[in-house]
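Me: I have a model open and I'd like to learn how to read a few of its features. Could you walk me through them?

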Amino acid sequence: KIISEYKDKFPKIISVYNIPFEEWPGGTKAYGYSVAKGDYITSCDADDFMHYKAVELYVEAAYKGDYDIIISPINEIDKENDTVKVTGKIQLNQETAILNASRNLPAKLIKREFYLSHDPIQSGFTYDDAAYHLSVLPYARIGYCPTPVYYYIRYKESVSGDLKKSLFCIYSFDYVLEHLPSVYTETVFCACILQFYYFIKA
């Protein structure tokens with residue numbers, strides 16, 4: 001209902017698509033990215049939220065250097081323990097971006113032209129977006145938005161809150177290793193170990 005109301009108010013800039021249900025989110029994201037019309041694309045999980053200025057800040061960062069991808073720290077909200085922490089403030093380069101992308105420093109904006117020139121987001125495993133971004137980061141001009149305006153919510157029923165569900169991220173990293181230059185194999189392996197440590201510690 002809310003989406004329909006906004007579509008009626010802004011018919012020139014808001015489009016709504018209904019597609020068949022998929023167990024994994026990758027197919028839905030891939031469809032959304034394929035029909036997007038803007039110069040840049042972002043997405044937000046249904047159980048997360050973004051600051052109202054998030055897109056503006058991401059796009060401003062992208063235009064500064066004509067970047068293909070913008071990565072940014074996030075606010076991680078732990079609903080079980082009622083805490084909030086900011087993750088992912090690092091010195092930016094290709095290797096540190098790959099090492100941190102799936103855990104602390106997700107890619108939050110991607111140039112549509114760049115997305116269409118590479119394999120689309122895959123479906124069939126968890127962390128599909130992380131798998132996609134990790135696999136294309138070596139080929140991208142990477143920009144950085146220092147302001148954490150994305151709010152990621154951890155809770156017991158979510159993928160990141162359930163260790164058994166989280167283990168499915170191994171398929172995500174397997175996909176990345178198949179698509180990355182071998183020079184980054186060690187970096188991706190380290191990222192995978194850090195991800196598992198993060199799950200166990202959490």
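**Reading a few residues**

Reply: Let's start with Ser 72, which sits in the loop between strand E3 (69-71) and strand E4 (74-78). Helices (H or I, at least four residues) and strands (E, at least two) are DSSP runs, numbered from the N terminus. This is a predicted model, where local features need pLDDT of at least 70, side-chain atom pairs count only at pLDDT 80 or more, and totals for chains, interfaces and linings use all residues. Residues are numbered from 1 along each chain as its sequence is written, and side-chain values use heavy atoms, with hydrogens and water left out.

Me: Is Ser 72 buried or exposed?

Reply: Buried means under 20% relative accessible area, exposed over 50%, and partly exposed in between (1.4 Å probe, protein chains only). Ser 72 counts as buried because its relative accessibility is 0%.

Me: Which backbone oxygen does the side chain of Ser 72 reach at 2.8 Å?

Reply: A polar contact is a pair of N or O atoms within 3.5 Å; within protein, one must be able to donate a hydrogen and the other to accept it, and residues adjacent in sequence count only if both atoms are side-chain atoms. Here, the Ser 72 side chain reaches the backbone oxygen of Cys 145 at 2.8 Å, and that of Thr 147 at 3.2 Å.

Me: What about phi of Asp 66?

Reply: Most residues other than glycine have a negative phi. Asp 66 has a positive one, near 50 degrees. Asp 66 lies in the loop between helix H3 (54-65) and E3, and at 41% relative accessibility it is partly exposed.
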